[in-house]
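Look at the structure below and follow the explanation with the sequence beside you.

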Amino acid sequence: MKKILIVALSFASMTITSIHASSVEIGTKSQNETNKNRVADNSNVQSSWDDAVVTDAMSNFKSLSRVERKARVKEAKKYLKEYKANAANATGSNDKVLLAILAILLPPLAVYLHQGTTNDTFWISVLLTLLFWLPGVIFALITVL
């Protein structure tokens, strides 16, 4: 949750910076070129955030005035709320129904499809299914739903 908030704050910071930079007319040519590079960099947002990017975003955020920080936090909360609403709507009920049916038939496969990897949860499901089928089904249903 903390990383999502930091990413949302850095995204909001980049968005506001690009909007502010594009709306303010800068007199010198070198500043205009720097501004264009900044907007171009913001459009190529990295899909994987490393610690250096997060640290840089936080230092930029901390250097802002109190009013700007409050505005960006408010905007980040708005983006986070929209993200949560979209994530809740993206998971269809059809997927859950199909995974529940699969959890009854082949519990480890349902857990694998839900988790996306062979982690501890998957191996517990395999073990419970091998012991007796019913504990594997119950565990898979709990995991999937």
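Start with helix 6 (residues 107–115) and helix 7 (residues 120–131), whose axes come within 8 Å of each other and cross at roughly 170°. An angle over 145 degrees counts as roughly antiparallel, and therefore helix 6 is described as roughly antiparallel to helix 7. This is a predicted model, and the values given here are computed from it.

Which residues make this contact? From helix 6 they are Pro107, Pro108, Val111, Tyr112 and Gln115. From helix 7 they are Thr121, Phe122, Ser125, Val126 and Thr129. Sorted by class, the residues of this contact comprise 6 nonpolar and 4 polar ones, with no charged residue.

Now consider helix 6 by itself. Its buried residues are Pro107, Pro108, Ala110 and Val111. These residues lie on the same side of helix 6, because they cover an arc of only 160° around the axis. An α-helix has 3.6 residues a turn, so residues three or four places apart point the same way. Pro107, Pro108 and Val111 were also named in the contact with helix 7. After helix 6 comes glycine 116, which has a positive phi, near 90°.

The second pair is helix 7 with helix 8 (residues 133–144). Their axes are 6 Å apart, and the helices pack at an angle of about 150°. Helix 7 and helix 8 are therefore also described as roughly antiparallel to each other. In this contact, helix 7 supplies Thr121, Ile124, Ser125, Leu128 and Thr129. They meet Trp133, Pro135, Gly136, Phe139 and Thr143 of helix 8. By class, this contact has 5 nonpolar and 5 polar residues, and no charged ones. Thr121, Ser125 and Thr129 of helix 7 take part here, and they are also named in the contact with helix 6.

Finally, step back to the whole protein chain. How many helices and strands does the protein chain have? There are 8 helices and 0 strands, and the pattern read along the sequence is α-α-α-α-α-α-α-α. The chain has 145 residues, of which 24% count as buried. Among contacts between residues at least 6 apart in sequence, 55% join residues at least 24 apart.

Technical notes:
Residues numbered from 1 in each chain as written. Predicted model: local features only at pLDDT ≥ 70, side-chain atom pairs only at ≥ 80, totals over all residues. Heavy atoms only, no water. Axes fitted to C-alpha atoms, helices over the stretch in contact; angles between N-to-C directions. Helix = DSSP H or I, 4+ residues; strand = E, 2+ residues; numbered from the N terminus. Parallel < 35°, antiparallel > 145°, perpendicular 65-115°, else oblique. Contact = heavy atoms within 4.5 Å. Nonpolar A, V, L, I, M, F, W, Y, C, P; charged D, E, K, R; others polar. Buried < 20%, exposed > 50% of the residue type's maximum accessible area, 1.4 Å probe, protein only. Arc of directions from axis to C-beta.
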